Structure formats: C-alpha cells, structure tokens
Amino acid sequence: MRTSGKLAAVAAGMLSALLFSAPVSAQASKPPAARNVVLVHGAWADGSSWSEVIPRLQAAGLNVTAVQNPLTSLADAVAAARHVLALQDGPTVLAGHSWSGTLVSEAGDDPKVTALVYVAARAPDAGEDFVALSAKFSTMPVRAGVQDHDGLTTISEQAFLKYFANGVAHKKAEVLYAVQEPTAASLFAERTVAAWRSKPSWYAVSKLDQTIAPDLERFLAARMKATTVELDAGHLSLVSHPREIADLILAAAGRGK
C-alpha cells in the first residue's frame, strides 16, 4: 500500500506538470484565420492597458479595437462589446484581461468570434458563483486595498502600485493608477454564460499575480482545456509582457508560428 501511494503521488505530479507547464498545447488543430481582434480591459483600468499589445497586433496586419468598457454592470459592458463586435468584418478574436474574462465568456458567443483569449482573467462557467469559487483559493493581497465609495470601488495607490501593477515599471504604474476606472462593487458577483465551452480558448497565467491567485488561473485554464502559457508576470502581464500576450493573441488568430 505504501509503494502504491508513492506511485500515485508521482503520477499526480506528472499530470500536474503536463497541465501547467508552459506552453501547454491543449488544442491540436490550428484555429480559423481571423482578421480582427477586439480587446476588453478589466476592472480598475481602461483601454490604454492594451497600448503595448495593440501595435504588435497591427504590425501583423490585424484590425484592432480596444473597447472602452463601462464597469457599471455586466449588461452595460456586454452591450459595449457587442456594439464593437457588430462593426467587425469577418472572423474576430475576443481577448479580455482580469474581470473582463467574464465579459469574454458572455459576449464570446457572437458568431463572428472564432477564438477567445483570457489574460490573467476570470473564466466563469455558466451561472457559476465565481466569488464562491475564488474563495477556494488563496486570498490575494490587493484585496485589502480595495476601497468602496457609494458602491463604486477603486484600489488605493499603495495597493495598486505594489500588488495590482507588480512587475510594471514604477512610472508606468503611476500612469495606470491615474487612469484607473472606478468599478461597480456589484460587478464581481454577476453571473454569465460560458462561451469557452463552444469556442477554442487561449489563456495566459501570471505566475506572480497578486490580484487573482495563480492557482485559480491554472484551474480555469485547465477546465476550459485552453492552450496555455505561464508568464513570470504580475497581474498586468499585458503591460509588462506585451510581446508574449500579442503572440498568444496571434496564435488564437491563426497566425502563430
């Protein structure tokens, strides 16, 4: 029995390594070639958080639009994303960071969307209580810096610079703090559908994330059988590692190497 237990532990370790090594190719076939990319930013941010990724995608010949995502409700955010998706001509990749993984999971059912990309993002299942799911994983330090002002939340400057933007150059982090978008506290409890159950998905795990537990990100990526990369990055990997994030989106657009 003791030998059997050791063998089981070794097997479990091998499975974990297979699931979470970087990169992980969970999808064998190349996705349809897309000509458009729609980017949605997360909570406490605006579209400028994609500013280092956008030129790399444009240089590859893609038409790129960053949605200025209202963070007042899921319905408002979905309406803004669907408006932009309606303007796209042909196959489109929908990519979201952080909270906007929820938005990708909801608006990603649009027939123009051929692939989904999650960047250190939520990826709820249909109707799932994501707050309850998150509680099964480590509470990250940024939580203590979230401030509520009449139902709208912001992150304190100290927590933003130290935890939310860890790994980002200090001057750049200060700019991102200055443009952070107040986010409705109710937003985090809203429930959604799960477009990832029917669309191919890609996921960038931030191994140094202090906002969403990296193990939660790994769980979400494995559950959706996403093609996954792990980055030595904090929560804002789209800012600190734009080349890797752009490469992931290009792969989802059928333009990867």
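A residue counts as buried when its relative accessible area is under 20%. In this predicted model, both Trp 44 and Phe 164 are buried by that cut-off.

**Aromatic pairs**

The whole structure holds 6 aromatic pairs. In one of them, the rings of Trp 44 and Phe 164 meet edge-to-face, because their planes stand at 80 degrees, with the ring centres 6.1 Å apart. Trp 44 sits in the loop between strand E1 (36–40) and helix H2 (54–59), while Phe 164 belongs to helix H6 (residues 157–164), so this pair ties together parts that are 120 residues apart in sequence. Another pair is formed by Tyr 118 and Tyr 203, which count as stacked because their planes are at 10 degrees, with the centres 6.2 Å apart. This second pair also links distant parts of the chain, with Tyr 118 in strand E4 (residues 113–119) and Tyr 203 in strand E8, 85 residues apart. Tyr 118 and Tyr 203 are both buried.

| Pair | Distance between ring centres | Angle between planes | Class |
|---|---|---|---|
| Trp 44 and Phe 164 | 6.1 Å | 80 degrees | edge-to-face |
| Tyr 118 and Tyr 203 | 6.2 Å | 10 degrees | stacked |

Trp 44 and Phe 164 are also members of a cluster linked by ring pairs, together with Phe 160, Tyr 177 and Phe 188.

**Strand E4 and its neighbours**

Strand E4, which carries Tyr 118, is largely enclosed by the rest of the structure, because 7 of its 7 residues are buried. E4 pairs in the parallel sense with strand E3 (residues 92–97) over 6 bridges. Within that pairing, Tyr 118 of E4 stands opposite Gly 96. E3 and E4, with helix H4 (residues 100–107), make up a right-handed β-α-β unit.

E4 also pairs with E8 in the parallel sense, here over 4 bridges. Leu 116 has Ser 201 in E8 as its bridge partner. The stacked rings of Tyr 118 and Tyr 203 thus belong to two strands that pair with each other.

Gln 210 is placed in the loop between strand E8 (201–206) and helix H8 (214–223). Is Gln 210 buried or partly exposed? Its relative accessible area is 24%, so Gln 210 is partly exposed. Leaving aside residues up to four places away in sequence, Gln 210 touches Met 140, Pro 141, Val 142, Tyr 163 and Asn 166. The C-alpha atom of Gln 210 is separated by 8.9 Å from that of Lys 162, a residue 48 residues apart along the chain.

Methods:
Residues numbered from 1 in each chain as written. Predicted model: local features only at pLDDT ≥ 70, side-chain atom pairs only at ≥ 80, totals over all residues. Heavy atoms only, no water. Buried < 20%, exposed > 50% of the residue type's maximum accessible area, 1.4 Å probe, protein only. Contact = heavy atoms within 4.5 Å. Phe/Tyr/Trp six-rings, centres within 6.5 Å; stacked < 30°, edge-to-face > 60°. Pairing = 2+ DSSP bridges. Right-handed = clockwise from strand over helix to strand, strands pointing away.
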